[in-house]
Amino acid sequence: MEIDKKNVNLLLWTSGWDSTFRLLQIILMEKKSVQPIYIVDKNRKSLKNELEAIQKIQDKIKDEFPEAIDLIQPIWFVEKENLTENDEIGFAFQQLSSMRKIGSQYEWLAQFSHHYDLKNVEISVEKNLDLNSFGNFIKQNYLEVNPSECSDKKLYYTIDTVFKYFHFPVIYLLKTKMLSIAKENNWLNIMNLTWFCHKPKNNLPCGKCNPCMATIEKGLSYRVPLTNRILGYIKIYKNKLKG
Ligand SMILES: [Zn+2]
């Protein structure tokens, strides 16, 4: 498929809360065109739910904001297993993951961007108050750092090798702030169709996987059905005891 790299915002869209918020911000506030990118991982238990959510969200946008629907380009589906591997990215990612916990998706998202020669690919990492969070790590050691003045240049350039392809448009927004902006702009019917759980139980959010626990802890617990939410609270409590 032909991608217009210059005149659209390239957005990694998972159908989740943060990236759907960003999609709405682009088309409804900035009134720009967006090229959503969805990376297909056939082993993902939530693949079907995410693809359904992507369809439902687009249908709802069409109902509620018909004037904006044409700003969404046909989704670019990329097969994860067909991506080529660049050794430099692989090596830098290994170094970063030996230092701290870092999601493996960032490596293949970088490989994908490198493969297609993309820049400014929007990745929706939200503001996180936890000082040890990935968002804070990337802010403190990369986004808010001037490479000519920073004390750990090696770290800066290792991060740069993996993350130079990306732009982080919602990194200063908490999930709850997105919720209030969504309410003010009548986006909530759309936002409530987002899918976040990685291990759905009877087609409902499980409460216990990482994205479910993050949803519960970060002020959006209403998105997880009550019984599963309680399981989530128990797991969060147990994790805290373990430290
Ligand atoms: Zn879950």
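**Domain arrangement and helix packing in the predicted model**

In this predicted model, the centres of domain 1 and domain 2, taken over C-alpha atoms, are separated by 21 Å. Domain 1 covers residues 9–195, and domain 2 covers residues 196–243. Where the two domains touch, domain 1 supplies 10 residues to the contact and domain 2 supplies 9 residues. On the domain 1 side, helix α7 (residues 175–184) provides the largest share of the touching residues, namely 3 residues. Sorted by class, the residues on this side of domain 1 comprise 3 nonpolar, 5 polar and 2 charged.

The protein contains 10 helices and 5 strands. Its radius of gyration is 18 Å, which is close to the 18 Å given by the globule rule for 243 residues, so the protein is as compact as a globular protein of that length. The C-alpha trace spans about 50 × 45 × 35 Å along its principal axes.

The packing of two helices can be described by the angle between their axes together with the distance between those axes. For helix α9 (residues 210–217) and helix α10 (residues 226–242), the angle is about 90 degrees and the axes lie 10 Å apart. Because angles from 65 to 115 degrees count as roughly perpendicular, α9 and α10 are described as roughly perpendicular to each other. From α9, the contact draws on Cys212, Met213, Ile216 and Glu217, while α10 contributes Arg229, Gly232, Tyr233, Lys235 and Ile236. In terms of residue class, this contact between α9 and α10 is made up of 5 nonpolar, 1 polar and 3 charged residues.

Helix α10 itself has 17 residues, and the distance from its first C-alpha to its last is 24 Å, close to the 24 Å expected at 1.5 Å a residue. The residue that follows α10 is Gly243, which has a positive phi, near 80 degrees.

How values were computed:
Residues numbered from 1 in each chain as written. Predicted model: local features only at pLDDT ≥ 70, side-chain atom pairs only at ≥ 80, totals over all residues. Domains from an automatic or database assignment. Contact = placed C-beta atoms within 7 Å. Helix = DSSP H or I, 4+ residues; strand = E, 2+ residues; numbered from the N terminus. Nonpolar A, V, L, I, M, F, W, Y, C, P; charged D, E, K, R; others polar. Axes fitted to C-alpha atoms, helices over the stretch in contact; angles between N-to-C directions. Parallel < 35°, antiparallel > 145°, perpendicular 65-115°, else oblique. Expected span 1.5 Å × (residues − 1). Rg over C-alpha atoms; globule rule 2.2 N^0.38 Å.
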